[in-house]
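Here is a short report on one protein. Look at the model, then read on.

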Amino acid sequence: MQSRAGSREDEVVKKMASLLKSGATMLEQTCPFCNVPLFRLKTGEVVCPSCGQRFVIVSSDEEELQARGNLVLQELERAAVERLAEIASQLRGARDPSEVSEALDVAINLLRVIDYARKIRQGKAG
Ligand SMILES: [Zn+2]
């Protein structure tokens with residue numbers, strides 16, 4: 001008579017076989033819960049054949065860095081735009097010329113930051 005654990009393993013093996021048949025590829029990474037190899041489906045999703053858990057695997061350090069860099073740039077752009085709005089209202093209320101030129105200097109720097117951030121995010125910098 002087969003043990004429960006045995007039939008469970010059989011099920012996983014069957015699931016793996018059917019994943020491979022459907023064009024999925026077996027990965028080096030294993031499921032941290034079941035310790036079985038993960039599979040990448042044709043859709044790009046990575047699943048565990050045992051528990052069915054889905055995983056997000058970043059394929060390279062470079063991709064991860066780029067994803068994080070984009071978030072930082074977005075944050076920077078947003079902060080610069082907010083600052084620019086403050087500068088704009090300062091400029092409206094400015095009386096003396098040195099105050100105006102100071103505000104404009106800051107505004108130009110902010111616009112540069114926004115411009116760069118956008119270009120880098122769109123891959124147009126350099
Ligand atoms: Zn699992």
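Which domains does the domain assignment of the protein give? There are domain 1 (4-55) and domain 2 (61-121), with bounds that come from an automatic or database domain assignment. Their C-alpha centres lie 47 Å apart.

This is a predicted model: local features need pLDDT of at least 70, side-chain atom pairs count only at pLDDT 80 or more, and totals for chains, interfaces and linings use all residues. Residues are numbered from 1 along each chain as its sequence is written.

| Domain | Residues |
|---|---|
| domain 1 | 4-55 |
| domain 2 | 61-121 |

Now the overall build. The protein has 3 helices and 4 strands. Helices (H or I, at least four residues) and strands (E, at least two) are DSSP runs, numbered from the N terminus. Along the sequence, the pattern reads α-β-β-β-β-α-α. The radius of gyration, taken over C-alpha atoms, is 27 Å. The C-alpha trace spans about 95 × 30 × 20 Å along its principal axes.

Buried residues make up 6% of the 126 residues. A residue is buried if 20 or more other C-beta atoms, placed from the backbone, lie within 10 Å of its own, exposed if 12 or fewer, and partly exposed in between.

Finally, one residue. S89 sits in helix α2 (residues 61-93). Is S89 buried or exposed? S89 is exposed, because 10 other C-beta atoms lie within 10 Å. The C-alpha atoms of S89 and A103 are 9.8 Å apart, with the two residues 14 residues apart along the chain.

Key: Rg over C-alpha atoms; globule rule 2.2 N^0.38 Å.
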